[in-house]
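Open the model in your viewer and follow the stops below. Each one names a selection and says what is there.

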Amino acid sequence: MKPSNTPSSDRLTTLLYVTATVGAALLAVGAFVAPDRIWSNLLVASYYLVTLSLGALLFIALAYVSGAGWSVAFRRVPEAMASLLPVTGLAVVAVVAVRLKDYAWHPRGPHSGDNFWFKDWWLEPRWILTRAIVCVLLWIVFAKLIVGISRYAGPHSGTRSLTSNVRLSAVFLVVVGLSFSCVSIDWLMALEPMWFSTMWAVYQFSGMVMATLAAIVVLCLMLRQQGVLKGIFTDDHLHDLGKLLLGFSCFWMYIWFSQYMLIWYSNIPEETSWFITRTHGPWLPVFVANIIVNWAVPFLVLLPRPAKRNPGVMMKVAVLILVARWIDLYLVVFPKTVGSTPVFGLWEIAAITCGIGLFGLLFFRQFDSASSVPSSDPYLNESLHHHC
Amino acid sequence: MTANADTLRPPLVTGDKSLGDVTRDVCAPLERRPTGSWWAALAVSSTMLLVGFIAVWYQIATGIGTWGLNKTVGWAFDITNFVFWVGIGHAGTLISAVLFLFRQRWRTAVNRSAEAMTLFAVTCAGIFPLIHMGRPWLFYWMLPYPNTRGSLWVNFKSPLIWDFFAISTYFLVSLVFWYLGLLPDLASIRDRSKGLRRKIFSLVCLGWNGSARTWHRYETVYMLLAGLATPLVFSVHTIVSMDFATSVIPGWHTTIFPPYFVAGAIFSGLAMVLTLMIIARKVMSLENYVTVNHVDKMCKLMLSMGCLVGLAYATEFFMAFFSGNVYEQFVFKNRAKGPFSWAYWTMVTCNVVIPQVLWLKRVRTNLAFVFVIAIFVNIGMWFERFVIIVTSLHRDFLPSSWAGYAPTIIEILTFLGTFGLFFTCFLIFCRFVPVIAIAEVKGVLPAEKREQDDVVERSQEVAA
C-alpha cells in the first residue's frame, strides 16, 4: 500500500503542497523586503536539509559497514532522505553562491598580513564555491550509487549488492569525514572568519546525526500510521532508534560542553568572541534554551525504557529535537548575519514551512518510487524479527 | 534468505563446541601446571618489574631531579607514559561496556582480558603522577575532605584534580564491573576444584548458586554498570586531554582535544588487546574462541579509530594555519620540521599510514600482519603523546629559554618497570582467572548446542 492511496496521506500531500507554496511565495516577497534575513533563513534551512539527507546516507553507510541487520526493515526511509541530496545539495550551494561576499573576509583588512596567507587562500570566494560544489557532487554520487544498488537489487543478488554497498559505504565514510569537515567550516564557521575552533566539525557532526535520527523516527512513525510500514517498523526498532537518539543527544552535549568549557577556561580573546556575542544581552535566553531542548529534555524523557517504546512519546521528543536543531543553527548564523537581537517572525516561519513542505513532498515522492521494504537484503529476516 | 544471513554471520565459536567444552577449554590452562614458556615470560617481566622498582625507589629517595626535565620542558616522559597507559586501558571499558550496550556479541571472546588490561594499565599509569608529586606519601592530600591542615584544600578548578577523581572512579568502576562479570566463572572453577582451591573459590564467588534469581540480579546489575561505565570511557580521557587543553599553550589548547584523545585512547587500547590476545590465544589453545573473525572485527575498529585520529591531526594543522595565529603556526611547523620532527613523523607513519593496510581483508585476517601493525600502533600512540607534550613546550615563547629534552636512564627504567608490572599482572591473571568469560561465551553458542548440552549434562549428573 502506498501513502498516496490513503485519504490521510492525500490530506498530508495537500497540506505539504500548501505549506511549501505559501512559504516559497512569502520568501520571494521577503527577498526584496528583508534580503539579509531571508538569506540567513535560507542558509539555516538549506544547511538543515542537506545535513538531514547527508546524515541519512551516513546512517545507511554506518549500518552497512558495521554489518548491522536491525535497521534493514526501515532502510527505505533513510534511503529516500538521502535521495534528496541533489535537491538539498543544490539548494545549499545556491544559497552560499549568491552571498559569497558574506564569506569573503577582507584580505587587506586590519588583521591581514603574512600570517593570514592561508586564510586569504582558503576563503577566496571562488575556492569556497569550488569546494562546495565538489563536496556536494561527491555526496550525490555516493547517494545515487548506494541507494541505487539497494533499490534495484534483484531477488537473487542480495549478497552481491550487499558486498558492493559495504565497500562503497566504507569509502563514503572517509569521504564524508573530510568533506563534511570542510563544508561545515566553510558554510558556518567562516561566517565569522576571525573565529576558529578545531571542535567545529565534530560539533556540527553531532547535531547532524541527532537531527537525522529524529527525522527517521518521525518519518517512520508517520509511515507506520499510514499503514505502509505497519508490522515492518516495530516498537523494537523504535526502541533502538530511541537509544541512539539518547546517545547522540548526550554526545552533542559532550561536544558542545567541551568546546565551550575549553574556550571559557582559557579565556583567549580571539576565541571567546563567538561566545560573548551569544551569552550577552538578548541572545542569552536562546543560548540557554538551546541546551535545554537539545539535551536536558530529551535526556530526561528518553532515559526510562518505556518512553523509548512509546510511539507518542518518541514522536514528541523527535519533533522537539528537530526544533532544537533549528535553534542550534539559528544561534550559529543569526547573531552574525542579522544582528544583536534575536528575531522570529514571518520570514522565519516562511523559511521553516517552505523547508518542511518541500522536504516532505520530495521525501514521500522518493519513498513511493521504490518498494517500501528492501526485500532482497539478506538481513531483512533478521531485521523483521529484531528484538532488543 | 536465512541461509544467506548465516553465511554473513560466521559462528563466534568454532570447532563445534558444546557447553561443557567451553568450561573445560577455558579452565584447562588454570588447572594444569604452568608451562616452561610461562615461567620464562614471568622471569623476564618480573625482572623488568624489579628493575623498575629499583628505579622508582632511587628517584623517590633522591628526588625527581633524576629526571631529564628542565625549566622549559616541565612535563615530558612521565606524563607521556601516564597518558599512554591510561589510553591502553580504554579498550577494556569500550569492549566490556560500550559494545555490550551495542549488543555486539563478539565482545564475549575478549572482554575479560581487555577489562583486566584496563585495571593493570590504569595501575601503571597512576605510578607516574604519584612520583611526580615529589612526596608520594602525601598523595591523599588530593582527596577533598575536611582536614586539620588549615586552609590547605584542593583546587577544584584544576584539571589535575579532576583527573585524580576521574581516574580513581574509573579504576573502581572497572574493578567492580570486572569482578561482577567474573562471579559465574569463579563459581564454575569452584565446582570443578577440590580442597583449599575449592574453599578459596567458594569465598570469592560470593556464594553464587546459578539460580534464575541470581542470574536475574546479576544481569540487572551488569546492565546498570555498563550504562554507568560508558560515560566513564569518555570522561577519563576527556579529562586527561583537559590537563593540556585548558592551558593557553599553543599545541595544547585546542578544542578538539577531548574526542580526539578518546579516539586515540581506544585506538591504542585495541592495539594492546590485539598484541596480547594474538599471543594468548595461541599459547593457551583458545583459537576456537578468539577466532580470526574476532581479530578482523577489532582490526576494523582499529582502522576507523586510526582514521579519526588522522582527521584530528589534519584538523589541528588546518586550524593552526586558518587561525592566523603565529604561535600556533610555529608550533605545528616546529612539530613537522623542528628538532623533534622524527618523533612527529614516526607518529604519523605508525598511527595513520601503516594502519591503512587494514583496509584489505587479507591483512586483517593474517594474524602475523595484524600483530606487527598493532605493535606499530602501540609505538605510534606513545609518540603521539610525546609529540603533543614535548614539542609544544620545548620551544618557549622566548627563544632564550628554548631547550631540548632527553629522558635519563632512570626515566627509561621506570617506564620499563611499568611494562614489567603490566605483563607480570597479565601473566598471573592468565594463571588464576579464566581469560575468557565462560558464561558469556556459552550465551553466544548456537541455540541447539545450548539446549542439547543441558540435557546431556543433566542426565550425567543424575547418573552420578
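Start with the polar contacts between chain B and chain A: there are 15 residue pairs, both residues at pLDDT 80 or more. A polar contact is a pair of N or O atoms within 3.5 Å; within protein, one must be able to donate a hydrogen and the other to accept it, and residues adjacent in sequence count only if both atoms are side-chain atoms. This is a predicted model, where local features need pLDDT of at least 70, side-chain atom pairs need 80 or more, and totals for chains, interfaces and linings use all residues. Numbering runs from 1 along each chain as its sequence is written.

Next, select α10 (292–323) of chain B. α10(B) gives the largest share of the side that touches chain A, eight residues. That side of chain B holds 21 nonpolar, 14 polar and four charged residues; Gly counts as polar, and Asp, Glu, Lys and Arg as charged.

Now pick A:Glu382 and B:Arg9. They form a salt bridge, with the closest N and O atoms 2.8 Å apart. The term needs a side-chain nitrogen of Lys or Arg within 4 Å of a carboxyl oxygen of Asp or Glu. The count between the two chains is one.

Show the whole interface. About 3600 Å² is buried between the chains, 69% of it on carbon and sulfur atoms; this is accessible area (1.4 Å probe) lost on being put together, summed over both parts. In chain B, B:Arg9, B:Thr255 and B:Phe322 lose the most, together 20% of what that side buries.

Finish at B:Trp85. Its contacts (heavy atoms within 4.5 Å) include B:Phe128, B:Met272 and B:Phe422.

Conventions. Chains are lettered from A and ligands numbered from 1 in the order in which they are written. Side-chain values use heavy atoms; hydrogens and water are left out. Buried area is the accessible area (1.4 Å probe) that two parts lose on being put together, summed over both. Helices (H or I, at least four residues) and strands (E, at least two) are DSSP runs, numbered from the N terminus. Lists of a residue's contacts leave out its neighbours within four places in sequence.
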